[in-house]
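Grab the viewer and a pencil. Below are some exercises, each followed by a worked solution.

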Amino acid sequence: MTPFKQLYVFVDESKFSEAEEELAKAGLRVLPTGSTTKNLQACNFCKGHEEAGLSFALRLDEAISGMEVPVPIKIGYAGCALGTSEPLTKDISVVKMRDVYDLYVGGDVKGIKAKLAKLFMSGIREERVIPIILEIIDYYRTHAKGKEKFTKYIDRINLKEVING
Ligand code: SF4
């Protein structure tokens, strides 16, 4: 198990398709390795699947994980403001606030220059959350300078000016 909560499975290359199929049958997704957006790091949905937004989190994971980016990005999700999944430690995070969502960007707790994500948008309707995150990622992919980390890129640009929301 990796820090991104991914499971690495080593199989012979000739058995890749078979293994992928078996993993899918067990409800697991196979994501590309390398510089990609990682699978959603979500909370435990202790408030129940409906109140904590489990079905939305699953759709969010499906939409955002495995995209090629200059440097790997962690995306987090918390089903309420208690944020026990530590959403502010991720590059991008979604926090469910009753019927709407808040979006945080720029968290990075690795190294000695650790910092917490800051509130970027609040009160977002559910149907707007995924398009906004995809827009943020797309802009990062096209405007990062080489292998620029997401947190550095966030500091350099004014995200509010480029994302319509
Ligand atoms: S973030 Fe909220 S809903 Fe999710 S596990 Fe923590 S307390 Fe429960």
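**Exercise 1. Which residues in α3 are buried?**

Some ground rules before the solution. The model is a predicted one, where local features need pLDDT of at least 70, side-chain atom pairs count only at pLDDT 80 or more, and totals for chains, interfaces and linings use all residues. Numbering runs from 1 along each chain as its sequence is written.

Step 1: Helices (H or I, at least four residues) and strands (E, at least two) are DSSP runs, numbered from the N terminus. A residue is buried if 20 or more other C-beta atoms lie within 10 Å of its own, exposed if 12 or fewer, and partly exposed in between, with C-beta atoms placed from the backbone.

Step 2: apply that to α3, and you get Ala57, Leu60 and Ile64 as buried. They sit on the same side of α3, because they cover an arc of only 60 degrees around the axis (the arc is that of the directions from the helix axis to the C-beta atoms). The spacing makes sense: an α-helix has 3.6 residues a turn, so residues three or four places apart point the same way.

Step 3: look at the cover. β1, β2, β3 and α4 are among what lies over the buried residues of α3. Just past the end of α3, Gly66 has a positive phi of about 85 degrees.

**Exercise 2. Describe α4, end to end and side to side.**

Step 1: take the length. The 18 residues of α4 reach 27 Å from first C-alpha to last, close to the expected 26 Å (the expected span is 1.5 Å times one less than the number of residues).

Step 2: list what is buried in α4: Val129, Ile133, Ile136, Ile137 and Tyr140. They share the same side of α4, because their arc around the axis is only 90 degrees. Glu127 and Thr142, on the other side of α4, are exposed.

Step 3: find the cover. It includes α3, β3, β4, β5 (118-124), α5 and α6.

**Exercise 3. Which residues touch the most other members of the largest nonpolar core?**

Step 1: define the core. It is a set of buried Ala, Val, Leu, Ile, Met, Phe, Trp, Tyr and Cys residues joined through C-beta atoms within 7 Å.

Step 2: Of the 26 residues, they are Leu40, Leu60, Tyr77, Val94 and Val105. Elements that each supply at least two residues include α3 (54-64), β2 (75-78), β3 (92-97) and α4 (126-143). The largest share, five residues, comes from α4.

Step 3: zoom in on Leu40. Leaving out residues up to four places away in sequence, Leu40 touches Ala57, Leu60, Asp61, Ile64, Ser65, Ile75 and Tyr77 (contact means C-beta atoms, placed from the backbone, within 7 Å).

**Exercise 4. Where do Phe45 and Glu86 lie?**

Step 1: locate them. Phe45 is in the loop between β1 and α2 (49-52), while Glu86 is in the loop between β2 and β3.

Step 2: read the backbone. Phe45 has phi near 55 degrees, a positive value in a residue other than glycine. Phi of Glu86 is near 55 degrees, again positive in a non-glycine residue.

Step 3: count neighbours. Phe45 counts as partly exposed because it has 19 C-beta neighbours inside 10 Å. Glu86 has 16 inside 10 Å, so it counts as partly exposed.

Definitions and conventions. Contact = placed C-beta atoms within 7 Å.
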